[in-house]
Amino acid sequence: MDIDRFIAVNQPAWARLESLCQAAERGGRRLGASDLDELVRLYQRASSHLSYARTYFGDPALVARLTNLVGRANAIVYGTRPRSLRAVGRFFTATFPASVWRARRFVAASAVLLFVPAIVVGVWLAHSPKAIDAVGSAALRQTYINHDFAAYYRSQPSAQFAAQVQTNNIRVAFVAFAGGITGGVLTAAALAQNGANIGMAGGLFANAHKLPQFFGLILPHGLLELSSVVIAGAAGLQLAWALIAPGDRSRAAARADQRRRSVVIVAGLILTFLVAGTIEGFVAGSALPTAVRVGIGVVVEVAFILYVVVLGRAAAERGVTGALGDDHP
């Protein structure tokens, strides 16, 4: 759709929204329930139109007009309501899941960059005597498999260990995200390195015919943790793509627009890393049966996937852009 048709099709809705804003602003009069419901619906549509105009047209006059209109409507909708708790709830029920859902193609690319090196390195070590010998002596490998790997999870008190893991995970996610400014090179390298490290550990256990022990320790926290790393990598790849292929926009405008989406993803992932770190600190190295530990990880991972798919897709269909500042009620 070209800009002239875009304006012609949506002009009546914008005019009606402006009329409702004027009615609400004039003398402080409160709108009736039906008018307020209409204003909210038109506000959501105009917010979506603003995001679309920024992405595909970059026309300063149109963007300025819609920004002003959306800002006026936003002030009316939220001006008399407590904002903080509503904003947090809206972030986690709409903005964050919508941002992840809209980035799903980049999530898939990020998953490839992480898991392909993991699989390649793991399979190579599991089946190549020369590769396995190059990693270290047989004595060192046995110590790592039989003691060091499991001891890592019990090396500190649970709370202290969980806090350390959470901090490290957030740092990894930030590197994967910030690497987008290098055109995605640093993001891809960070994902591939993490994947290779996982593959190396898995390959050592597979070569020793102790792969169930490896999965029993890594799956409780690793499912959610690796999903979060993959999504953080997707945020970096999105930022990189905005620089590589900005479309009709300038690279600066494309980067600024994409940064607002990527920041939402990274902010939301802080919570998932806190959860994964807590599981790693209190569950992964605990005395619970392996089936219970893995079951906890699977339940949390399935819940997270359903959360993103169900809430994210629904929010996106309502027009939630997933960009910072463009979220809807």
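Predicted model: local features only at pLDDT ≥ 70, side-chain atom pairs only at ≥ 80, totals over all residues.
**Entry 1. Salt bridge at Asp133**

A salt bridge is a side-chain nitrogen of Lys or Arg within 4 Å of a carboxyl oxygen of Asp or Glu. Asp133 forms a salt bridge with Arg141. Their closest N and O atoms are 3.7 Å apart, and the pair counts because the limit is 4 Å. I then checked the cover on Arg141. Arg141 has a relative accessible area of 15%. The residue is buried because the word applies under 20%.

**Entry 2. Overall layout**

I stepped back to the whole chain. The protein chain has twelve helices and zero strands. Read from the N terminus, the order of elements is α-α-α-α-α-α-α-α-α-α-α-α. I took the box of the C-alpha atoms along the principal axes and got roughly 80 × 40 × 25 Å. The chain has 329 residues, and 44% of them count as buried.

**Entry 3. Other salt bridges**

How many salt bridges does the structure hold? I found four.

Asp35 forms one of them with Arg16, and the closest N and O atoms of this pair are 3.8 Å apart. Asp35 lies in helix α2 (residues 33–56) and Arg16 in helix α1 (residues 3–25), so I wrote the pair down as a link between distant parts of the chain, 19 residues apart. For cover, Asp35 is partly exposed at a relative accessible area of 26%. Arg16 is also partly exposed, at 33%.

Next I looked up Arg72, which forms a salt bridge with Glu18. The closest N and O atoms are 3.8 Å apart here. Arg72 lies in helix α3 (residues 60–78) and Glu18 in helix α1, so the pair ties together parts that are 54 residues apart in sequence. Is Arg72 buried or exposed? Arg72 counts as buried, at 18% relative accessibility. Glu18, at 30%, counts as partly exposed.

**Entry 4. Leu39**

I stayed in helix α2, where Leu39 has its place. Leu39 counts as buried, at 0% relative accessibility. I checked the distance from Leu39 to Leu20. The two are 19 residues apart in sequence, and their C-alpha atoms are 6.5 Å apart in space.

**Entry 5. Aromatic rings**

I searched the whole structure for aromatic pairs and found 16. One of the pairs is formed by Phe96 and Tyr307, with 6.3 Å from centre to centre and 35 degrees between the planes. Phe96 sits in helix α4 (residues 84–102) and Tyr307 in helix α12 (residues 290–317). The pair links distant parts of the chain, 211 residues apart.

I compared the cover on each ring residue. Phe96 is buried, with a relative accessible area of 1%, whereas Tyr307 is partly exposed, with 22%.

Which residues do ring pairs link into a cluster? I listed Phe6, Trp14, Tyr52, Tyr56 and Phe57.

**Entry 6. Surface patches**

I ended with the surface. Arg102, Arg104, Arg105 and Arg313 gather there in a patch of positive charge. Arg105 has its place in helix α5 (residues 104–127). Arg105 counts as exposed because its relative accessibility is 64% and the word applies over 50%.

A nonpolar patch on the surface is formed by Ile170, Ile270, Leu271, Leu274 and Val275. Together these residues have about 340 Å² of accessible area. Which helix gives the largest share of the nonpolar patch? Helix α11 (residues 251–284) does, with four residues. I checked Ile270, which has its place in helix α11. Ile270 counts as partly exposed, at 39% relative accessibility.

Methods
Residues numbered from 1 in each chain as written. Heavy atoms only, no water. Patch = residues over 30% accessible without salt bridge, like charges linked within 9 Å, V, L, I, M, F, W, Y side chains within 5 Å. Areas by Shrake-Rupley, 256 points an atom, 1.4 Å probe, with all protein chains shown as cover. Lys, Arg positive; Asp, Glu negative; His and termini not counted. Charge placed at Lys NZ, Arg CZ, Asp CG, Glu CD. Helix = DSSP H or I, 4+ residues; strand = E, 2+ residues; numbered from the N terminus. Buried < 20%, exposed > 50% of the residue type's maximum accessible area, 1.4 Å probe, protein only. Phe/Tyr/Trp six-rings, centres within 6.5 Å; stacked < 30°, edge-to-face > 60°.
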